[in-house]
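Biologist: I am new to this one, and I would like to know what stands behind each label you use. Shall we look at it together?

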Amino acid sequence: MKKIVSLILVILMLSLAFVSCSEEPAVAPEGMKLVSGDDCAYNLFVPENWKGTNGYGTYGAYTSDASNVNVSTFTAADIKVEESETTEATETTQAANKTAREQYIDAYWAMCEKSYAEDLNGFSVVEAGKKVTLGGLEAKEYIYTAKYEGTDYKMQTTVTYAGGVMYILTYTAKADNYGTHTDEIAKIVSEFKFK
């Protein structure tokens, strides 16, 4: 009987230890709210006056003027990237100086750029490959424009790679409204956190 009681106490103590080590809920920065769920690897915070959305593995939010932000993921295994190996004897090249993360980001954008050029009317790159951070990881930002059903849009995509997954945070607005939310988007990008 003492062995059973001792075993129960040990199990109880272990279960309490696991409960006390559980992940704490995300705390939103002042003026922002959490719109991502427990089923993803990141916390997406947006301004309190934005309306949250989710579906098909993405989380995001939109404003009263229909400008929006969303985070989508893409399996990096679908991107064909060969990591460069460098030695002291190897001639330095641009590709050899890139980190594996940067190679995945560049390959992802090359795939998107080709697709957008084929599928989006009036697609034009405004700025490509600006180095930024997303969730504390090196990332790149791409700004581009396109026309949909006669309306001009401007988009900003911020991309990083972690654990075999591409994380893509995209801001979309009518071209005339784009500048209205750039400060808020900068805050959304800076407050994006991996769990």
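Modeller: Let's start in a strand: which residue is the bridge partner of Glu141 in β9?

Biologist: I find Thr158 as the partner of Glu141 in β9. Before we go on, what kind of model is this?

Modeller: It is a predicted model, in which local features need pLDDT of at least 70 and side-chain atom pairs count only at pLDDT 80 or more, while totals for chains, interfaces and linings use all residues. Residues are numbered from 1 along each chain as its sequence is written, and side-chain values use heavy atoms, with hydrogens and water left out.

Biologist: What makes a stretch a helix or a strand, and how many of each does the protein have?

Modeller: Both are DSSP runs numbered from the N terminus: a helix is H or I over at least four residues, and a strand is E over at least two. By that rule the protein has three helices and eleven strands.

Biologist: Why are β8 and β9 called a pair?

Modeller: Two strands pair if DSSP finds at least two bridges between them.

Biologist: How do you know that the length of helix α2 fits its number of residues?

Modeller: The expected span is 1.5 Å times one less than the number of residues. Helix α2 (residues 100-119) has 20 residues and should therefore span 28 Å; its end C-alpha atoms are 29 Å apart, which agrees.

Biologist: Why is Glu102 called buried?

Modeller: Buried means under 20% relative accessible area, exposed means over 50%, and partly exposed is in between, with a 1.4 Å probe and protein chains only. Glu102 has 9%, so it counts as buried. Other buried residues of α2 include Tyr104, Ile105, Trp109 and Cys112. Their cover includes β6, β7 (121-134), β8 (137-148), β9 (151-162) and β10 (165-174). Across the 195 residues of the protein, 34% count as buried.

Biologist: What makes Glu102 and Lys131 a salt bridge?

Modeller: The rule asks for a side-chain nitrogen of Lys or Arg within 4 Å of a carboxyl oxygen of Asp or Glu. Lys131 is exposed, because its relative accessible area is 61%.

Biologist: Which residue meets Asp106 in a salt bridge, and how many such bridges are there?

Modeller: Lys98 meets Asp106, at 2.6 Å from N to O. Asp106 is buried at 19%, whereas Lys98, at 24%, is partly exposed. The count comes to seven salt bridges, and Glu191 with Lys193 is one of them, at 3.5 Å. Salt bridges that share partners also join Lys98, Glu102, Asp106, Lys131 and Lys140 into one network.

Biologist: Where is Asp65, and is it buried, exposed or partly exposed?

Modeller: Asp65 is in the loop between β5 (58-62) and β6 (68-75). Its relative accessibility is 25%, so Asp65 counts as partly exposed.

Biologist: What else does Asp65 touch, leaving out residues up to four places away in sequence?

Modeller: Besides His181, Asp65 touches Asn177, where contact means heavy atoms within 4.5 Å. The C-alpha atoms of Asp65 and Lys174 are separated by 8.7 Å, although these residues are 109 apart along the chain.
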